[in-house]
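Have a look at it first, then read on.

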Protein chains: 2
Amino acid sequence: VFYAEDFTVGRRFPTGEATVTVEAILAFARQWDPLPMHTDLKAAERGRFAGLIASGLHTISIATRLSVDAVVGDSAIVVGRGIQTIQLRKPVRPEARLRGSILVIEQRFVDAERAVIVWRNELIDQDDDLVLAMVVDCVIGRRPVGVPSYSD
Amino acid sequence: VFYAEDFTVGRRFPTGEATVTVEAILAFARQWDPLPMHTDLKAAERGRFAGLIASGLHTISIATRLSVDAVVGDSAIVVGRGIQTIQLRKPVRPEARLRGSILVIEQRFVDAERAVIVWRNELIDQDDDLVLAMVVDCVIGRRPVGVPSYSD
């Protein structure tokens, strides 16, 4: 388990990879962001991006899932407090291969039990282009006395 | 269709309402944010919130869907550029009834065809408590010459 003490400023955690299928783009957008550029192949072809692009919310969801699988799901997370900023830097098109990382940018111990941890979650695509950058605020529990750290 | 000219600073657009079921909380979180506080009723009961709470990403998705249905889907939207900030102010529990609004906070004409529009998207629950506030940046097309405005 990763405790607040493990999220030292500058530490970077890599995540796994996800491939975005056209079916996944359509299914996500039909439920949460039903705009033609995300839900309608023909309309998207004629549109400004000359092809289907994923909802930004879908990209954010993929980044979150990758970070949960790699780090957050194995951490003493108390709660996510919010997101400071999200930049959608490049449209995500069908068959994009995305991989992420979490870079710790703030570690602030609040009391004996908890810390606020701020990290920058990035997604890079198959061309090594930055697709998404978001800065996330979490509250994470401190390591209980007597529990050894990962690096011990 | 709402064009950039219609998003005047201070204008507020109400959205419809959504009720969040326990099944929806579990289904969303299992796919995108699989932490026990969102996916496991028993673990959530024992946890810090003494009950299941929706993933923040689920709440953001509901806010987005309501705003698409009410306004964005009927606008000359070009693209969402990103989100400046997201505050998760109150946990969303099963059977929460959420309704939203979009308050325009910036309208910046970029060229003859487009404007950057910034709005604050809020969700309020059945107790009139603020659940979510997020500030969203979009590019929206200007009204073509000869097309009358909504208010004409």
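## Two copies and an axis

Before we talk about an axis, one term: the copies are superposed by least squares on the C-alpha atoms of residues with pLDDT of at least 70 in both. Those pLDDT values come up because this is a predicted model.

So how does chain A sit relative to chain B? Chain A can be laid on chain B by a turn of 180 degrees, with a shift of 0.0 Å along the axis and an RMSD of 0.0 Å. The two copies are therefore related as by a two-fold rotation axis.

## Where the chains meet

The contact involves 34 residues of chain A and 34 residues of chain B.

What about polar links across the interface? The rule finds zero salt bridges between chain A and chain B, but it does find 10 residue pairs in polar contact, both residues being at pLDDT 80 or more.

## Who supplies the surface

Three elements of chain A, namely helix H1 (22-32), helix H4 (56-70) and strand E2 (77-88), each supply at least two residues of the side that touches chain B. E2(A) gives the most, with 12 residues. Sorted by class, that side of chain A has 17 nonpolar, 10 polar and seven charged residues.

E2(A) also pairs with strand E2 (residues 77-88) of chain B, in the antiparallel sense and over four bridges. To spot this pairing, look for Gly82(A), which stands opposite Gln87(B) in E2(B).

## Strands within chain A

Now for pairing inside one chain. Strand E1 (residues 12-19) and strand E3 (residues 97-109) of chain A run antiparallel and are joined by six bridges. E3(A) also pairs antiparallel with strand E4 (residues 114-124) of chain A, over 10 bridges, and a hairpin of four residues joins E3(A) to E4(A).

Ile102(A) is a handy landmark here. This residue of E3(A) is the bridge partner of Phe13(A), and Ile102(A) also stands opposite Asn121(A) in E4(A).

Key
Residues numbered from 1 in each chain as written. Chains lettered and ligands numbered in written order. Predicted model: local features only at pLDDT ≥ 70, side-chain atom pairs only at ≥ 80, totals over all residues. Heavy atoms only, no water. Contact = heavy atoms within 4.5 Å. Salt bridge = Lys/Arg side-chain N within 4 Å of Asp/Glu carboxyl O. Polar contact = N/O pair within 3.5 Å; in protein donor to acceptor, adjacent residues only side chain to side chain. Nonpolar A, V, L, I, M, F, W, Y, C, P; charged D, E, K, R; others polar. Pairing = 2+ DSSP bridges.
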